Amino acid sequence: MPLPLEDYALIGDCQTAALVGRDGSIDWLCFPRFDSGAVFAALLGNEEHGHWKIAPEGPIRAVRRQYRPGTLVLETEFDTDTGTVRITDCMPPRDQLPDVLRLVECRRGSVRMRMDLVIRFDYGSIIPWVQRTPRGISAVAGPDMLRLRTDVPVHGEDFHTVASFGLSAGESASFDLTWYPSHEKEPKEVDHSNAIHETERWWREWSDRSSYGEGSIDDTIDQPHWAEAVKRSLITLKALTYEPTGGIVAAPTTSLPERIGGVRNWDYRYCWLRDATFTLFAMMNAGYHEEARAWREWLLRAVAGKPSQMQIMYGLSGEHRLTELQLPWLPGYENSSPVRIGNAAFGQFQLDVPGEVMDALHQCRKIGLEPIAASWNFQKELMNYLETAWDQPDEGIWEVRGPRRHFTHSKVMAWVACDRAVKGVEQFDRDGPVDRWRSLRDQIRREIFDRAFDPEVGAFMQSYGSKFLDASVLMMPLVGFLEADDPRMVGTVRAIEERLKHDGFVDRYETDPSVDGLPPGEGSFLLCSFWMVDNYTLMGRRDDAKEMFERLLAIRSDLGLLSEAYDIENRRLVGNFPQAFSHIGLINTAYNLSITAAHPAEQRQQS
């Protein structure tokens, strides 16, 4: 069985990523891109679906692990009865081909080690043809070739490549696993020690550019761990960026369940347009203008074309077709099936996405990114489309697979689109039918007040006429639709506290098969909890905000990583891991709580 998600570390090269277990096993890795077929898929099954474990042969007394400060270079130490060994894992930022480097060093005494390498291409379904090479093995199947280089003698056992070796204090053994297209020549060998050093240097130079913590910490209480949490989240966000295009994957994994044993298992190795604006704020406020610019340019390329054909998500390079399939040979994480690749939600109609795009491009102008001439022309065409589509029901922010509805959050984001179009004219002297846009903005606002607010509950509901609550309405004050201290918003927060907040965490919505077409039950979606903290902050409830933020920080893994959701009952992370949106939420909420730094919620409110 795979480990709890908290026991996995992330390593990556900004084009793909691996999950390394506390036990020394790499249980998930896709080559050569985030969305490629996995060569190690034990995370969704067992070791026969592919893994790469290096660990002591005998009993392990203790395990310690950490990232080297400011980097994605992982160190794991194992204490045994005979000695201590350290494994350093990393993936060097890529020139051309992806590498996984593993360095084993004996720190004390002597330790017998064992390596077990199980290569299974295409998500555990294909056993490759393996041949011995002068310094390891090669493994080929169709278009894929892997080459393992090591000084440790290896041999085959039952379609595994294994090694047993001993190290004494001061001795080391290195391993280098490289992927390349099978029709091309073998790549040159990597200088192992230099590559690790350069990887560490690259990450430190990048993370040291962060401006968070420079006068932004609340001096009234001791909060140095906030700066550490933000820095680790920024590194994680960078690791989930596809460097060639600037797109950001929601997570490097697929089908990690939102509830253990459940069916809410989705492929998150794609780039969502949702939260584009907060992604920009997370990058820009921390000083990462190049990454924000690359994200803006990816966004414009991805959505280019007829506005009515704009999708909610795209592939890493802006691919449109993300056909969903099930992989029946994989039993799923802790037997949570089905395992899916692709995501059928790419074909859904979600009215909030045009609002996100309009807002993101508006904020790009406000925060000083140089203008792109085609941007405003596209926005005008997008508004022409929205004028005919805003009053239609949609699948909503949560991508429900039940009937379309008039979701409140979707209508709010349609209002945002109109509002940012108006302000494009008012603040940046752009051309357009501003009177018509103002009129539509007012019409949408009135309809939301009339049809989404339930006076009996005293709250905005999930959709028009619904009796269900939905945490997405917490976005209202964050996008400037309504002041946080408006009595209707205060009542909404109170109702969500009573019905969606459990043990300090906020659920997405009151699940019902009639709404989302799926069996009920899931973990608390962490981004919703960050939205609640932001609402507390805007309402002046700073003590409540800080208490809830600390609770969220406390559930991070020992390496500072967050998944999509949290299982309150079993006290564990669930959902795809690590989750970009959770870390974006952490970054922006930390800024919102800071005394002197930029506040993303207020920046967006005051658009």
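**Rings, charges and backbone**

Trainee: Let's start with Y314. Buried or exposed?

Mentor: Y314 counts as buried, at 0% relative accessibility. Buried means under 20% relative accessible area, exposed over 50% and partly exposed in between, with a 1.4 Å probe and protein chains only.

Trainee: What should I know about the model itself?

Mentor: It is a predicted model, so local features need pLDDT of at least 70 and side-chain atom pairs count only at pLDDT 80 or more, while totals for chains, interfaces and linings use all residues. Residues are numbered from 1 along each chain as its sequence is written, and side-chain values use heavy atoms, with hydrogens and water left out.

Trainee: OK, back to the rings. How many aromatic pairs are there?

Mentor: The count is 20 aromatic pairs. Rings of Phe, Tyr and Trp (its six-membered ring) pair if their centres lie within 6.5 Å; planes under 30 degrees apart are stacked, over 60 edge-to-face, and the rest tilted.

Trainee: How are W298 and Y314 arranged?

Mentor: Their ring centres are 6.3 Å apart and the planes sit at 75 degrees, so this pair is edge-to-face. W298 is in helix α5 (residues 289-303) and Y314 in strand β19 (residues 313-314), so the pair links distant parts of the chain, 16 residues apart. Helices (H or I, at least four residues) and strands (E, at least two) are DSSP runs, numbered from the N terminus.

Trainee: And where does W298 fall, buried or exposed?

Mentor: W298 is buried too, at 1% relative accessibility.

Trainee: What about F453 and F460?

Mentor: Their planes are at 70 degrees and their centres 5.1 Å apart, so they count as edge-to-face. F460 is buried, at 0% relative accessibility. Both rings belong to a cluster in which ring pairs link W415, F449, F453, F460 and F481.

Trainee: Which ring does the charged end of R33 sit over?

Mentor: That of Y242, 5.3 Å from the ring centre. In a second case, R102 lies over the face of W52, 5.1 Å from the ring centre. The rule asks for NZ of Lys or CZ of Arg within 6 Å of the ring centre and within 35 degrees of the ring normal.

Trainee: Switching to salt bridges: how many are counted?

Mentor: 54 salt bridges, each being a side-chain nitrogen of Lys or Arg within 4 Å of a carboxyl oxygen of Asp or Glu.

Trainee: Where do R149 and E186 lie?

Mentor: They meet in a salt bridge of 2.6 Å, N to O. R149 is in strand β12 (residues 144-150) and E186 is in the loop between β15 and α2 (192-207), so the bridge ties together parts 37 residues apart in sequence. R149 is buried at 8% relative accessibility, whereas E186 is partly exposed at 41%.

Trainee: Which residue does R201 bridge to?

Mentor: To E205, with the closest N and O atoms 2.8 Å apart. R201 is partly exposed at 35%, and E205 is partly exposed at 45%.

Trainee: And R438, which residue does it bridge to?

Mentor: R438 pairs with E426, the closest N and O atoms being 3.2 Å apart. R438 lies in helix α9 (residues 434-451) and E426 in helix α8 (residues 408-428), so this one ties together parts twelve residues apart in sequence. There is also a network of salt bridges linking R68, E75, R86, E105, E200 and R204.

Trainee: Now α13. How many of its residues are buried?

Mentor: Twelve of the 14, so α13 is largely enclosed by the rest of the structure. Among the buried ones are F530, W531 and Y536.

Trainee: What about Y123 and its phi?

Mentor: Y123 is not a glycine, yet its phi is positive, about 60 degrees. Y123 lies in helix α1 (residues 121-124) and is buried at 5% relative accessibility. F159 has a positive phi too, about 65 degrees, but F159 is exposed at 63%. Most residues other than glycine have a negative phi, and most peptide bonds are trans.
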